[in-house]
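Biologist: Please show me the model, and then let us go through it question by question.

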Amino acid sequence: MTDILFILFAVVAVGGAVGVVVGRSPVASLLFMVATLASVAGIYVLFEAHFLAAIQVLVYAGAIMVLFLFVIMLLNLGHDYRADLRYGSWSLLSLVVVGLTAGVLMQGFSGDTGAALLENGATVAAAIDAAVIEKGAVGVIADPLFTDYVVAFELMGLLLLVAIVAAVVLAKPRGAGEG
Amino acid sequence: MLTPALLLSAALFVIGTLGVIVRRNAIIIFLCIELQLNAVNLAFVALSRYTGIEGQLYVFFVMTVAAAEAAVGLAIIISIFRHYETVNVNKFNVLKW
């Protein structure tokens, strides 16, 4: 059952990703992206990462994609159907870069470091499942987040504050509201 | 189920890279960067079943950085659009050597 679901989600994710790249209208690309993000959230559920799946749908497919949609509509780009693909030497370069990237990524699967990883995988997975039952899907993330990683967590809050201020300053029309 | 997930992650990352290179619409380029970040997130989540819960924490951090990046990037796009009336990256080449 999980295998069938995984294949279904994977096909939708890859199809949506291709749709993002080849979509002629920005809005169409955006909707393909939402399909990809939703199916990746489904795969998170298959890997027992329920909290991240919820965050993926709420924050990514919800908030961030709506932000993109706002900008597309604000700038009135929805009917911008001109094909904007690069051709010529750019397509050649893209093939080289994509081929190299795919080759490097595939290299990672041919090594034998994965064997040791898979070996203790069962015990780690069992430990995570036990922790989820004990603390709940949110607690199992929150516990290390507020103890071992609390400095990173605070810095994350600072980063978001800086990003909000920067976004407001950048998007404000020049001369508006200043002396 | 680890290898299929990593293969899917690699496929999504490569498609995102392709999109960043071949498209000229700045918003689509941003979408493709988000796609790349998501591919990496998928690899983190898949590997967290084998190495520990920290993988899922890093996904949380990556999502936060992605949200901040999207907010600032879209603000830059709005600011650029005000000057050039376009989001085609070929048109803003002042910083290009």
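Modeller: A residue is called buried if 20 or more other C-beta atoms, placed from the backbone, lie within 10 Å of its own, exposed if 12 or fewer do, and partly exposed in between. This is a predicted model, in which local features need pLDDT of at least 70 and side-chain atom pairs count only at pLDDT 80 or more, while totals for chains, interfaces and linings use all residues. Residues are numbered from 1 along each chain as its sequence is written, and chains are lettered from A and ligands numbered from 1 in the order in which they are written.

Biologist: Is A:Ala167 buried or exposed?

Modeller: A:Ala167 belongs to helix α7 of chain A. Around A:Ala167 there are 21 other C-beta atoms within 10 Å. The threshold is 20 or more, so A:Ala167 is buried.

Biologist: Which residues does A:Ala167 touch, apart from those up to four places away in sequence?

Modeller: Contact requires that the C-beta atoms of two residues, placed from the backbone, lie within 7 Å. A:Trp90, 77 residues away in sequence, has its C-alpha 31 Å from that of A:Ala167. The residues that A:Ala167 does touch are B:Ala71, B:Val72 and B:Ala75.

Biologist: What pattern does chain A follow along its sequence?

Modeller: Helices (H or I, at least four residues) and strands (E, at least two) are DSSP runs, numbered from the N terminus. Chain A has seven helices and zero strands. Its pattern along the sequence is therefore α-α-α-α-α-α-α.

Biologist: What radius of gyration does chain B have?

Modeller: Chain B has three helices and zero strands, and its C-alpha trace spans about 50 × 25 × 20 Å along the principal axes. The radius of gyration is taken over C-alpha atoms, and the globule rule is 2.2 Å times the number of residues to the power 0.38. For 97 residues, a compact globule would come near 13 Å, but the value for chain B is 16 Å.

Biologist: What percentage of chain B counts as buried?

Modeller: In chain A, buried residues make up 20% of the 179 residues. For chain B, with its 97 residues, the figure is 55%.

Biologist: How do the residues on the side of chain A that touches chain B divide by class?

Modeller: The interface joins 65 residues of chain A to 61 residues of chain B. On the chain A side, α1 (2-22), α2, α3, α4 (89-110), α5 (113-119), α6 (121-145) and α7 (150-171) each supply at least two residues. Ala, Val, Leu, Ile, Met, Phe, Trp, Tyr, Cys and Pro count as nonpolar, Asp, Glu, Lys and Arg as charged, and the others, Gly among them, as polar. On this basis the division is 57 nonpolar, six polar and two charged.

Biologist: Are α2(A) and α2(B) roughly parallel or antiparallel?

Modeller: Axes are lines fitted to C-alpha atoms, for helices over the stretch in contact, and angles run from 0 to 180 degrees between N-to-C directions. The axes of α2(A) and α2(B) (residues 26-51) come within 11 Å and cross at roughly 5°. Angles under 35 degrees count as roughly parallel, over 145 as roughly antiparallel, 65 to 115 as roughly perpendicular and the rest as oblique. The relation of α2(A) to α2(B) is therefore roughly parallel.

Biologist: How many residues of the contact of α2(A) with α2(B) are nonpolar?

Modeller: From α2(A) the contact includes A:Leu30, A:Met33 and A:Tyr44, and from α2(B) it includes B:Leu31, B:Leu35 and B:Asn38. Three residues of this contact are polar and no residues are charged, while the nonpolar number 13.

Biologist: How are α6(A) and α3(B) oriented to each other?

Modeller: Their axes are 10 Å apart, and the packing angle is about 80°. The contact is made by A:Ile141, A:Pro144 and A:Leu145 of α6(A) with B:Glu54, B:Gln56, B:Leu57 and B:Phe60 of α3(B). The orientation of α6(A) and α3(B) is therefore roughly perpendicular.

Biologist: What is the phi of A:Glu48?

Modeller: A:Glu48 lies in the loop between α2 (26-46) and α3 (50-74) of chain A. A:Glu48 is partly exposed, because 18 other C-beta atoms are within 10 Å. Although A:Glu48 is not a glycine, its phi is positive, at about 65°.
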